[in-house]
Amino acid sequence: MAMGEIGATPAGGCNRQALTDEDKVGRDLFVRWCKDAGCEIRIDAIGNIFARRKGKDDSLPAVITGSHLDTQPTGGKFDGIYGVLAGLEVIETLNDHNVQTQHPIERVVWTNEEGCRFDTAMMGSAVWAGVMPIEDAYALTDRDGISVAQELARIGYKGELATRNGAIKAAFETHIEQGPVLEAEQKTVGIVNGVQHMSRHRIIIEGKETHAGPSPMATRQDPMMALANFLPRLYAMAEKYGPDSRLTFGYVHALPGSSNTVPGQLELTVDIRHPQKAAYDAMISGYQACVQQACDESGTPVSMECFWEAPGVEFATECVNAVRGAVATTGYDSMEIVSGAGHDACNVASVVPTSMIFIPCKDGLSHNEAESAEPEHVEAGCNVLLHAILDRASSD
Ligand SMILES: [Zn+2]
């Protein structure tokens, strides 16, 4: 709640966008809390913060946990922040009980996860994982033309440390679910075993502009007829691939956009997601075949292109098992779940064994000022994180 006061909005949310003055104040507060907990702070060249608690054998690879402190312009108090502070709570608990782990433990704050002010989501973790060149990240600008490099320097978080620093044994990210499933199933903890495959496609269908009155229906070359043909077939296809499939037509635009002219062109997008690679691939080829066939039938030429794709992630068995074990130890009601959203953990997982822990959020709301979570769920996620970290930080 103290962190939530930084960039607080009148409607109870947060506006603490990446590398703003508010982000600096939030970072400073986190650093102070970590120093109070006896941790050593290091900042890397893209502004990721690492707070280290020494291990019995400090030369061993660290177990890391973290998330992000930045928010959407009308964001909530929990998205990202919960994962950062859950790690701090774990450290304070280990301190309180005088437990020293074999491996060092580091909490990480990843820079610019939200990608709203600077238009690349999960930027800091992408640079750290080597997925994005640091020069590209530095050169990103906001709407006023101010760059990431300028703002990192201005707020004092352009560190000296190389972005890949030291060996890592395992990584965990605790997060609110940002969806309604745990709440609906009345589960306290989600054991996240992966992140779904997702891609976005643009469909452009060519028609022939004609007058809405004189042209008989049968003579038209109308892209809307093709749309009316394939839309129900695609929804039926999504249903065929089970409750984990996602199909979203979020943008439809007809040209010239006149109510008494048959459209000369129709542009639309479709977002396709599924956690299983085989089903995801089948949905992609099914969508292409279905749209092509409908457009052939209505005599409207069509082009389709994929303009964005994020491959799914299968989290490391040893980390998912550590979370399963932690849930068994703590006794919380849990279920296995796939993340519908991208997270820093996706980038981290490309170089280090990683997994995630979810807790429910009120009404499944996120990226929303009304975002909320119950104290007992917040506590449960911390306890599961504690035992998962103990598992990985104790063994050899
Ligand atoms: Zn987040």
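Mentor: First, the term: two strands pair if DSSP finds at least two bridges between them. Strands (E, at least two residues) and helices (H or I, at least four) are DSSP runs, numbered from the N terminus. This is a predicted model: local features need pLDDT of at least 70, side-chain atom pairs count only at pLDDT 80 or more, and totals for chains, interfaces and linings use all residues. Residues are numbered from 1 along each chain as its sequence is written, and side-chain values use heavy atoms, leaving out hydrogens and water.

Trainee: How many bridges join strand 7 to strand 10?

Mentor: 8, and the two strands run antiparallel. In strand 10, Val 302 is the bridge partner of Ile 205.

Trainee: What's the strand order in that open sheet?

Mentor: 8-9-7-10, four strands with antiparallel pairing. Strand 8 (246-255) and strand 10 (302-310) are the edges, each pairing on one side only.

Trainee: Which strands does helix 7 touch?

Mentor: Helix 7 (residues 223-240) touches strand 7, strand 8 and strand 9. Contact means heavy atoms within 4.5 Å. Its direction makes about 175° with that of strand 8. Angles run from 0 to 180 degrees between N-to-C directions, with axes fitted to C-alpha atoms, for helices over the stretch in contact.

Trainee: And helix 8, what does that lie across?

Mentor: Helix 8 (residues 277-297) lies across strand 7, strand 8, strand 9 and strand 10, at about 5° to strand 7.

Trainee: New topic. At what angle do helix 2 and helix 11 cross?

Mentor: Roughly 65°, with the axes coming within 9 Å. Val 90 of helix 2 and Leu 386 of helix 11 are among the contact residues.
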